Amino acid sequence: TTPLPAAPTPEEDQVEVSNSCTPCPNGAVDESVLVVLPGEEEFFTCAFELEYMSDLEEGDITCNYQYPFVQKFCCPLATSLSTPLATSLNTPTRSLPPGYVGRGWCLDAQDRMYNSITADGSKEIGSPHDCLDLCESIPVSDPFQLVGFEYDSKSLYLYTCWCLYTTLPDLTEELRNELGIYEYDTWEAGEGPVAGSNSKDDSLSCYSTSPSFILPTPAPTVSKLPTYDAGCFDFSLSFLLPKVINHGLYYLWSVTSLDYEGISWGETSSVLVLPEGELSNSIVTKQTLDDRVCLPADSSYELQINIHGSHPASETVKGTGVWFVLSTGEEHISCGEFQYAAAADKTATYTSDAVTFTSSDRT
């Protein structure tokens with residue numbers, strides 16, 4: 001497995017670059033917004049990320065990896081355009097295109113994201129059809145190279161359209177500039193048709209361009225984790241996300257063994273919740289067996305739910321945090337609340353008390 005680029009640290013030495021990595025040429029919407037990279041447990045503010053990336057050379061491997069994520073969290077809609085650009089992408093109002101898969105990033109059958117070509121924000125893309133039109137205007141040697149697209153309806157951001165490929169088409173710089181696009185290689189890129197979406201991010205929609213796409217029924221799979229002499233601990237975690245009234249927030253949860261090294265279960269990246277989104281004021285339920293996870297029954301575990309945003313709780317949510325219940329069958333193991341933390345109190349998300357429990361605990 002190819003390791004992800006290391007998260008930045010304040011101590012890294014600055015280097016001189018001739019062409020800086022600049023994901024937000026107009027600056028950040030809010031420099032206190034937190035940026036969460038897939039697979040990373042720690043997060044940083046937009047101010048930190050933009051300063052860090054300005055010391056990278058454009059085209060650097062870390063620049064290429066972090067570029068789209070920093071754009072999504074931090075970059076404002078372009079303000080230099082006084083009127084929308086007249087482009088071939090503007091079309092009459094139509095019904096939504098076919099092939100809708102679900103919320104969040106598109107995934108292949110192995111839950112991998114795809115290589116993509118992304119609109120650079122120089123042309124107006126105001127609907128999923130605009131995004132599809134852009135993707136279909138990009139020449140490919142094989143029509144099956146294009147497997148789908150993702151459209152972000154959140155107008156706060158400049159970058160709203162991603163065209164997804166099994167293999168990126170070979171394009172000249174002149175054509176990329178003409179179409180207003182740039183290429184993005186992801187780690188361990190997806191292959192084959194779109195199989196589903198990760199259901200993360202209330203504003204992002206995944207579409208398949210397969211002519212006969214039908215959302216597949218997941219087949220039973222065998223856990224990739226080993227089984228244990230003491231058996232598997234079958235339990236469920238349910239938590240009530242607060243009603244988001246403004247701005248939006250992120251949550252991340254994990255269950256970690258205190259006795260077996262490297263054994264854990266949870267989200268690998270933070271989930272975005274928006275006002276009026278599907279996740280706002282909703283109950284999320286996770287069960288080990290449903291996720292094909294075997295956690296050893298003879299271990300103690302630590303539960304942590306981090307819920308955070310850029311603004312104080314009073315401006316973001318109704319309530320003070322997220323309530324949870326751990327249970328096995330009809331019996332409760334533990335219950336309680338994890339407090340919401342604002343960006344200014346980022347440390348609180350790491351120092352807040354975790355909940356420790358075992359398979360024999362009952363309340």
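Author: Let us begin with Cys 63, which in this predicted model has a relative accessible area of 1% and is therefore buried, since buried means under 20%. Cys 21 is likewise counted as buried, at 1% relative accessibility.

Reader: To what is Cys 63 joined by a disulfide?

Author: In general, a disulfide is a covalent bond between the sulfur atoms of two cysteines. Here the bond joins Cys 63 to Cys 21, with an S to S distance of 2.1 Å. Because Cys 21 lies in the segment before β1 (34–35) and Cys 63 in helix α2 (residues 61–74), the pair ties together parts that are 42 residues apart in sequence. The torsion about this S-S bond is about 85 degrees, so the disulfide is right-handed.

Reader: How many disulfides does the count come to?

Author: The count comes to five disulfides, and another one of them joins Cys 106 to Cys 206, with the sulfur atoms 1.9 Å apart. This pair links distant parts of the chain, for Cys 106 is in strand β4 and Cys 206 in strand β10 (residues 204–208), 100 residues apart. The disulfide is right-handed because the torsion about the S-S bond of Cys 106 and Cys 206 is about 120 degrees. Cys 106 counts as buried at 1% relative accessibility, and Cys 206 is buried with a relative accessible area of 0%.

Reader: Is the link of Cys 135 and Cys 163 left-handed or right-handed?

Author: With -90 degrees about the S-S bond, the link of Cys 135 and Cys 163 is left-handed, and its S to S distance is 2.1 Å. Cys 135 lies in helix α3 (residues 128–137) and Cys 163 in strand β7 (residues 161–165), so the pair ties together parts that are 28 residues apart in sequence. Both Cys 135 and Cys 163 are buried.

Reader: Turning to the backbone, what is the phi of Asp 111?

Author: Asp 111 is not a glycine, although its phi is positive, at about 60 degrees. This residue lies in the loop between β4 (106–107) and β5 (115–119), and Asp 111 counts as exposed at 61% relative accessibility. Asn 281 also has a positive phi without being a glycine, with a value near 55 degrees, and lies in the loop between β15 (271–273) and β16 (283–287).

Reader: Which residues make the nonpolar surface patch?

Author: Leu 240, Ile 283 and Trp 323 make this patch of about 330 Å². Trp 323, placed in strand β19 (residues 321–328), counts as partly exposed at 48% relative accessibility.

Key. Residues numbered from 1 in each chain as written. Predicted model: local features only at pLDDT ≥ 70, side-chain atom pairs only at ≥ 80, totals over all residues. Heavy atoms only, no water. Patch = residues over 30% accessible without salt bridge, like charges linked within 9 Å, V, L, I, M, F, W, Y side chains within 5 Å. Areas by Shrake-Rupley, 256 points an atom, 1.4 Å probe, with all protein chains shown as cover. Salt bridge = Lys/Arg side-chain N within 4 Å of Asp/Glu carboxyl O. Helix = DSSP H or I, 4+ residues; strand = E, 2+ residues; numbered from the N terminus. Buried < 20%, exposed > 50% of the residue type's maximum accessible area, 1.4 Å probe, protein only. Disulfide = S-S within 2.5 Å.
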